[in-house]
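Colleague: I have just opened this one and would like someone to walk me through it. Could we take it piece by piece?

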Amino acid sequence: MRHRLINRRAMLLSAGASLSLPMLDIFSTKSAFADSVVADSTKRLVYLYFPNGAPEGTWSPKKVTRHGKLLELNPWMSPLEPFKDDLIIPRGLWMPEGDGHHAGPPNWLTGRGFDDDRQRTGNLSVDQVAAEHLGRETLLPSLELSLKGEGFFSNSLPRNSISWSKSHTPLPRETEPQAVFDRMFRPPGGGATNQTVLDGVLSQARRLRKQLGRADQRRVDEYFESIRALEKRIEFSKKQSSALSTDKALTDSLIRPVAGIPSSHEEYVRQMLDLLVLALQTDATRVITFMLDHGQSNRYFNFIPGVRGTWHALSHYSDASGRTDDDDGKTRWRSVKEKRSMYAEVNRWHHAQFAYLLGRLKSIREPDGRTLLDNCSIVYGSSLGDGDEHGNRDLPTIIAGGAGGNIRTGRQLKLKRQTMSSLHLSMLQKLGIELDQFGASRRTYSGL
Amino acid sequence: MRSSANKTTQKPSGLEACGSGNELFELVDTTKRNRIWNWENRCEMNVSLTLCAVIWICSLIFALPVQAEERVQKSGVALFKQFCFDCHSGGSSEAGNDIENLFLAKPIVKNRKSWNRIKQLIEYETMPPSDYDQPSSYERKLMLEWIQDNVDQFDYSTVKHPGWEPVRRMTHLEYNNTIRDLLGVKMNLVEKFPRELVGNTGFENSANTLFLQPALMERYIAAAERATTAANIFESSDTHQFNNALQQFLRRSYRRPIGKTEFEFYLENLSKLKRQGAGDAEAIKGIMAGVLISPDFLLRVESNSDQSGKISEHELATRLSYFLWASMPDDELLKLADDGRLSEPTVLRQQVQRMLGDRKSAGFVESFVGQWLSTRLVGKEIRLDPIDNAWCTDSLMQSMRIETLMFVAAIIKENRPITDLIDADFTYVNEELAKTLYGFQSIRGNRMRRIQLKGRGRRGILGHASVLAVTSNHDETSPIKRGAYVLDRILGTPPPPPPPDVGELDEELIENDRLSLAQKLRRHAADKKCASCHNTIDPIGIALEKFGAYGRTRKWAASTATLADGYELRGAEDLREYLLTQRRSDFVRNFVVRVMEYALGRETEYFDEPAIRKIIAEANENDLKIQSIVHSVVTSYPFQYRKENPK
């Protein structure tokens, strides 16, 4: 069995640098890296964040039955049309604790507000809650990915931080395909990873901790956790390498992406999505968050035919003069309508990338007979409604995947005054994590 | 006024601080009585407005009997309740601004930043929103008056606290410099580190944004391996010599003396590694790599403060070196700390001078200036497409950045007054920068050199291509951006963001090609909603209009405008004079605060106010000489002490 698994992966990975894995569901997907053999219906949780919201109306499906069954999406969501049976479109979601470009990202998964003076939230994020439960058996408790930000604000803490392992600790995000690959397949090595050395470092940290006051201990605790995570990783990677060592062809054929960021944005996104799929498929982790950009992205999407100007500028479409402070000074639009449709076009492009991910996940068969998509819970969305009005009462969101048969998809859920926190609470419960409160919410998301 | 009775009320007793004590709670808690009170209050105002004004003016001039003073207090508080609390009180306050809560803070200046924002919003009439009840101009005045009396004029004499931040890791820049100075290894070890994120201070060395997560630890492991592989390993068959070298390495790595047990621990680990089969060099490398990932190395630990909160000599050495060098303390600093002499005033003064003279002070200039003025974005976030703009080369971008750095470095080295930042008559250029952007034809070669500026036009940082590019929209100037930048970065008085119901320049106006940008902005500012703010922002930017997007001279551009306070600015020259005369105290204060925030690695708080005022006073006594400001900062209470924050 194991032998077959490895051969299969060897085949898959030698397919090319883009790491695209064709559908080959006759092989099993038992993990070479998990601590134990993957149980049936290994559940995974994925969050995909995009900034700048979506124009109002572009999130409304065109045809829905009386009971909410999705019959037809709409032209702006066309790339997702083939997957409509795997989706839920929740409407009317909001975040009472703050939204937008700045407070929005930290709030999106924590639901407890962002304290700008102290640069902290009031909660750890939903993915980290899940990682505490699902992450014990995997190489990495969770994986945080992001596309490398461009322009102003690309080093802003709140705009880049959706995952918080403590209310005061945002997690850094991997932006380079090669670095993502290395975290999965190239464990840290060298003199500092010798167990004697690590033991020494830990005893030093213990001594230091005693010297410090309570509040300082927090940082030393961060340190401890980092070293422990490291030890765990080294341990896991030993298993990984012994699993891999049975077949030299595989170790040789794991294609490590080249260093740097691909110059084509689409190629970049797809490489990252391929790595995301690879991580889930090999059970390197079960919890992944991926920011498709920072909370106020000013990226150009001029490579999409008919689109001009930066993303954030496009989102403020009601002034098409090209002369506002959001603009780059050189792009102009003929009309508000034109600008707005370009804004929607950027969304549609992201839908296409999301559809690519869904297609990949759907093509992979799990040991329990379900597809990888069926065993995932995915939330794809933004911390902002219509970017022009900085709307906050209908956050563009899509839920995908079946949570191991626990979520019935193919529906629109039109509910009033449901918070993101209640959605997170429900998602955790669907994963089998028994909590009765998340963020400020004690209510689950009704209807899921 | 400060009866103890309110302590028995249900709400916490944060009231004394706002000066009006009980009344607030009566107002806040008993809606019914409140309504009556408001009604009376309004009648009183509407009917006898003149009388009130007289009383108000009197209360400013004379110390009136308590009763009259109380009236101002009372009216102020009541007006906030009347006009703001509808949206800004309780848990679900709009924009997260719970003004009711601000009144309860103790001391009231705890939220002085929020109060300053509120002050602006009232002053510029951007709040309450236009579709809500508007206070009369007299009522606005009363509210401002209340803030002034209770927040601006707060008596800080009893406030004494040095502030506190958790132990922090080094920044990536500091890490790289430290390895350079510790091991003599010059390589970019931090290239693949996760990006440093920045919070409130705008500086990446702020303790509250320096986290140590597993993903970063993995980078430290890899960097330690690279660094120890590249470094010269100290090997010696002479035990005494070897022990000495190890001792020195540990002391320099941990920036403090190494105790006997601690040292023996490393010797023991060393032999353990050898027993496991490591060769001499490999074992030593392992020990070194362990040191480079140890908490004592990566974290800037401060644990030795005594009862008074004073940090230890070695901690002072570390604070100094990371402030002025962005790197570890050298042997001289460590030696002085060992001898317990570093904090002696004369020694400290000498050391600061020495450190500023050392080339490692480039670490401070690059990091502080690059972030304060955002000039380090030039060539990265700030750049034009080189295909359309062949002149926009990497070397030009670099020269632009370096001009500003060399300029500030010279001001520090020559101990010039900080006003030179605005109007010094020299700068640094090479041929490319001089010809491409400034139109100076006589400069030859790539070397950046100092030149004397003949005219007054391009003096100071506001004439630097770097600053002018950072404050432009791509390849067009933006008077709004430049005005806001000067108000924020140079004066420390940022304008409030535009209110949500106000649009940008309207389309019809934009399309009117017969108007210059300056004229359009004037029209825009004529719109009453926008006027209040833009009359303070735009004229500053317009005064810089003779500089193009990348600082090219544009003789044709109109650059005259009048500020809200009636001050007319005719071009950059007038702007400089305005900044250094009318706004001199804001400019000085802002510089001091920025240096403090960088030096301390945190935002300044209300309890830093006494120290800030002292530094400003000392700066003024010393003709605003830049080194004396740095010196005042390192001798200040917050720099030399540390105590857990008041709750």
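Colleague: How many bridges join S1(A) to S11(A), and do they run parallel or antiparallel?

Modeller: Strand S1 (residues 44-49) of chain A and strand S11 (residues 376-381) of chain A run parallel, and six bridges join them.

Colleague: In what order do the strands of the open sheet come?

Modeller: The open sheet has seven strands of chain A, in the order S7-S10-S1-S11-S12-S4-S13, and the pairing is mixed. S7 and S13 of chain A are at the edges and have a single partner strand each, so one side of each has no neighbour in the sheet. On average, and ignoring direction, neighbouring strands are turned by 15° against each other.

Colleague: Which helix packs on the sheet?

Modeller: H9(A) does, touching S1, S7 and S10 of chain A, and its direction makes about 170° with that of S10(A).

Colleague: And S4(A), how does that pair with S12(A)?

Modeller: Strand S4 (residues 87-94) of chain A pairs in the antiparallel sense with strand S12 (residues 397-400) of chain A, over two bridges, and Ile88(A) has Ile399(A) in S12(A) as its bridge partner. With strand S13 (residues 411-419) of chain A, S4(A) runs parallel and is joined by six bridges; there, Pro90(A) stands opposite Leu413(A).

Colleague: Changing topic, where in chain A is confidence lowest, and where is it highest?

Modeller: Confidence in chain A is lowest in helix H1 (residues 2-13), with a mean of 34, and highest in strand S10 (residues 287-291), at 98. Over residues 1-39 of chain A the pLDDT is below 50, although this stretch has 69 contacts in the model beyond near neighbours in sequence. Where pLDDT is low, the predicted coordinates should not be read in detail. For chain A the mean pLDDT is 85, and 88% of the residues reach 70 or more.

Colleague: Why is H5(A) described as largely enclosed?

Modeller: Seven of the nine residues of helix H5 (residues 177-185) of chain A are buried, so the rest of the structure largely encloses this helix. Among the buried residues are Val180(A), Phe181(A), Arg183(A) and Phe185(A), and what covers the buried residues of H5(A) includes strand S7 (143-146) and helix H9 (265-281) of chain A.

Colleague: What about H8(B), mostly covered or mostly open?

Modeller: H8(B) is mostly covered, with nine of its 12 residues buried; these include His172(B), Glu174(B), Tyr175(B) and Leu183(B). The buried residues of H8(B) pack against H9, helix H10 (239-254), helix H14 (313-324) and helix H17 (362-372) of chain B. After H8(B) comes Gly184(B), whose phi is positive, near 70°.

Methods. Residues numbered from 1 in each chain as written. Chains lettered and ligands numbered in written order. Predicted model: local features only at pLDDT ≥ 70, side-chain atom pairs only at ≥ 80, totals over all residues. Pairing = 2+ DSSP bridges. Helix = DSSP H or I, 4+ residues; strand = E, 2+ residues; numbered from the N terminus. pLDDT = per-residue confidence, 0-100. Contact = placed C-beta atoms within 7 Å. Buried ≥ 20, exposed ≤ 12 C-beta atoms within 10 Å, placed from the backbone. Axes fitted to C-alpha atoms, helices over the stretch in contact; angles between N-to-C directions.
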